[in-house]
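Subject: A structure for you to explore

Hi there,

Here is the structure I promised to pass on to you. Please open it next to this email, and then read on for what I found in it.

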Amino acid sequence: MAELSGKTAIVTGSTSGIGLGLATGFAEAAANVVLNGFGDAAEIEGIRQELDQMSSGHVIYNGADMTKPDEIEALVQDTAKEFGSVDILVNNAGVQTVSPVEDFPRDRWDMIIDINMNSAFHTARAAVPHMKKAGWGRIINIASAHGLVASPFKSAYVTAKHGVVGMTKTVALEVAEEGITCNAICPGYVLTPLVEKQIPDTAKARGMTEDEVKRDVLLAAQWTKKFVTVEQLAGVALFLCSDVAENITGVALPVDGGWTAA
Ligand code: NAD
């Protein structure tokens, strides 16, 4: 696994769920970490302190809103000023709305495209010059199984995630000779607080037990019948940052229990 002392990683949307798991993995690997995302200020400071103690690097927080290109640009430039480089960029921030296309609220469409897709363009646009200067970089886009296949009622999310996979391939080609790789990780269902919260309501609505909801609804397409864990995703991200992964670029890597193999 990668040892990342002296390297600096930005993880967007890392105050919760997968992003927090990835940030924890980078802190354990001794990187400097820039946390980002929304939430209670005291809780975020608690997370920052915990990760800072874990890492032999430094962990800071930047509250840039991923719908605002100027704030995204500032996140990258402030990171470079603070640590001298931006070595690892993880585009993870994401939101979801489930609705038939004819009822899909326009403002939610725009927000999902902005946060889940456009923000990854704005961060990469700002970070690539720093990576080129250093002659090394890793861009990791947290897409989804929904970057490879569709499900109904998730038009904005599936569109954004497919877009991220396309951008991943394009950027990978552009920076291939610069020591920079750009890959997407495509997780299946991960039991983050966001997903966990839906289980009791779904059980009630469908007259099922919570275990039945997990197996027959959430894990219906996941052949292993196991949720992906944030620790597994952190392990994959650290592998992509390691030297042995220097020839892995432009890949959309499913971590989905076989979902997209079927
Ligand atoms: P989560 O809700 O637990 O975390 C989302 C993070 O994004 C939070 O830190 C939140 O504060 C942040 N965020 C939201 N809007 C933001 C904004 N405007 N600016 C900055 N940060 C913002 O969700 P999660 O389940 O951990 O998902 C993380 C990523 O993984 C998303 O891109 C999601 O699409 C993807 N993903 C999740 C699953 C899953 O099953 N949970 C599966 C596949 C892919």
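Thr123 touches Thr12, Ile72, Val76, Leu89 and Asn91, leaving aside residues up to four places away in sequence; contact here means heavy atoms within 4.5 Å. Thr123 belongs to helix H4, and it is buried, with a relative accessible area of 0%. Buried stands for under 20% relative accessible area, exposed for over 50%, and partly exposed for what lies in between (1.4 Å probe, protein chains only). Helices (H or I, at least four residues) and strands (E, at least two) are DSSP runs, numbered from the N terminus.

Please keep in mind that this is a predicted model, in which local features need pLDDT of at least 70, side-chain atom pairs count only at pLDDT 80 or more, and totals for chains, interfaces and linings use all residues. Residues are numbered from 1 along each chain as its sequence is written, and side-chain values use heavy atoms, with hydrogens and water left out.

Next, the loops. Thr97 sits in the loop between E4 and helix H4 (106-134), and it counts as buried because its relative accessibility is 13%. Which residue's side chain does the side chain of Thr97 join in a polar contact? It is that of Arg108, at 2.7 Å. A polar contact is a pair of N or O atoms within 3.5 Å; within protein, one must be able to donate a hydrogen and the other to accept it, and residues adjacent in sequence count only if both atoms are side-chain atoms.

Asp40 is in the loop between strand E2 (32-35) and helix H2 (41-54). At 41% relative accessibility, Asp40 is partly exposed, and its side chain reaches the backbone nitrogen of Ala42 at 3.2 Å. Ala30, in the loop between H1 and E2, is buried at 8% relative accessibility. Its phi is near 80°, a positive value in a residue other than glycine. Most residues other than glycine have a negative phi.

Now to the ligand. Which residues come nearest to the ligand? Of the 29 residues around it, they are Thr15, Ser16, Asn92, Tyr157 and Val190; a residue is counted as near if one of its heavy atoms lies within 4 Å. A polar side-chain atom of Thr15 is 2.7 Å from an oxygen atom of the ligand, and a backbone N or O atom of Ile18 is 2.8 Å from a ligand oxygen atom. The protein covers 91% of the 830 Å² of accessible area that the ligand has on its own (Shrake-Rupley method, 1.4 Å probe).

Last comes the packing inside. The largest nonpolar core has 33 residues, of which Leu4, Leu22, Phe26 and Ile185 touch the most other members. Such a core is a set of buried Ala, Val, Leu, Ile, Met, Phe, Trp, Tyr and Cys residues joined through side-chain atoms within 4.5 Å. H9 gives the most to this core, with 8 residues. Among the residues that Ile185 touches are Ile140, Leu233, Val236 and Leu253. Another core, of 26 residues, lies apart from it and includes Met66, Leu75, Met167 and Ala172. In soluble globular proteins, nonpolar side chains tend to be buried together.

Enjoy looking around!

Best wishes
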